[in-house]
Amino acid sequence: MEPAGVAERLHGKTVLITGATGFIAKLLVEKILRLQPRVKRLYLLVRAPDQVSAKERVRSVIMQLQIFLSLREKYQNHFTSWFWDKIFPVAGEVSLNNLGIGNVDLAEDIVKETNIIIHMAAAVNFRER
Ligand SMILES: NC(=O)c1ccc[n+]([C@@H]2O[C@H](COP(=O)([O-])OP(=O)(O)OC[C@H]3O[C@@H](n4cnc5c(N)ncnc54)[C@H](OP(=O)(O)O)[C@@H]3O)[C@@H](O)[C@H]2O)c1
């Protein structure tokens with residue numbers, strides 16, 4: 001039996017991605033949505049004081065990127081609703097307990113639903129303590 005490809009394995013799956021606003025993860029988010037539009041959900045952990053700010057960061061730092069042009073063309077007027085149907089921003093901080101997710105119910109939902117974790121949060125300078 002042929003092993004399933006990466007895109008095939010993501011069908012119907014829920015993925016938690018840390019460091020989602022980073023250079024590599026932004027490209028990854030677009031690529032997952034483009035190659036496997038039937039991924040169930042991407043939880044994007046981003047540094048933000050609350051859920052509203054996390055959503056605004058995802059909107060301005062990820063969703064507005066030129067790389068989403070082909071998905072915008074594919075989904076036309078439905079792109080925005082399709083995007084938010086797939087993307088669930090989560091305010092967090094990986095150095096804290098429970099990834100700094102303050103909402104206990106949301107944290108439990110993430111634990112229950114997540115099939116795959118892609119950990120991209122990183123300090124890529126050498127000045128951090
Ligand atoms: N760039 C490359 O060419 C390359 C090549 C090979 C491997 N890598 C590796 O890929 C990983 C990501 O690299 P990158 O270039 O994408 O880095 P990057 O652009 O600096 O992104 C780092 C991400 O991590 C987040 N982050 C940092 N500390 C965090 C914390 N305490 N809690 C939550 N999120 C935190 C940042 O959030 P904020 O937006 O809030 O700062 C940002 O989203 C690194 O491990 C790097 O070594 C990168």
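**Figure 1. The largest nonpolar core.** In this predicted model, the largest nonpolar core comprises 25 residues, and V29, L33, L42 and L44 have the most contacts inside it. A nonpolar core is a set of buried Ala, Val, Leu, Ile, Met, Phe, Trp, Tyr and Cys residues joined through side-chain atoms within 4.5 Å; buried means under 20% relative accessible area, with a 1.4 Å probe and protein chains only. Two or more residues of this core come from each of β1 (14-18), α2, β2, α3 (51-63), α4 (69-75), α5 (79-86) and β3 (87-91). Helices (H or I, at least four residues) and strands (E, at least two) are DSSP runs, numbered from the N terminus. Residues are numbered from 1 along each chain as its sequence is written. Because the model is predicted, local features need pLDDT of at least 70 and side-chain atom pairs count only at pLDDT 80 or more, whereas totals for chains, interfaces and linings use all residues; side-chain values use heavy atoms, with hydrogens and water left out.

Figure 2. Beyond its neighbours within four places in sequence, L42 is in contact (heavy atoms within 4.5 Å) with V15, V29, I32, L33, K86, I87 and F88.

**Figure 3. The largest pocket.** A pocket is an open set of points on a 1 Å grid over the protein atoms alone, where a 1.4 Å probe fits, with protein on both sides within 12 Å along at least five of seven lines; lining residues have an atom within 4 Å of a point. The volume is about 450 Å³, taken as the space filled by probe spheres set on the points, which are joined across faces, edges and corners. Of the 22 lining residues, G19, R47, A121, A122 and A123 lie nearest the centre of the pocket. Two or more lining residues come from each of α2 (23-35) and β2 (41-46), and α2 gives the largest share, three residues. The lining has 12 nonpolar, six polar and four charged residues; Ala, Val, Leu, Ile, Met, Phe, Trp, Tyr, Cys and Pro count as nonpolar, Asp, Glu, Lys and Arg as charged, and the others, Gly among them, as polar.

**Figure 4. The second largest pocket.** This pocket holds about 170 Å³ of space. Its lining includes V6, L10, L28, K31 and I118. The largest share, four residues, comes from α2. Eight lining residues are nonpolar, one is polar and two are charged.

How values were computed: Buried < 20%, exposed > 50% of the residue type's maximum accessible area, 1.4 Å probe, protein only.
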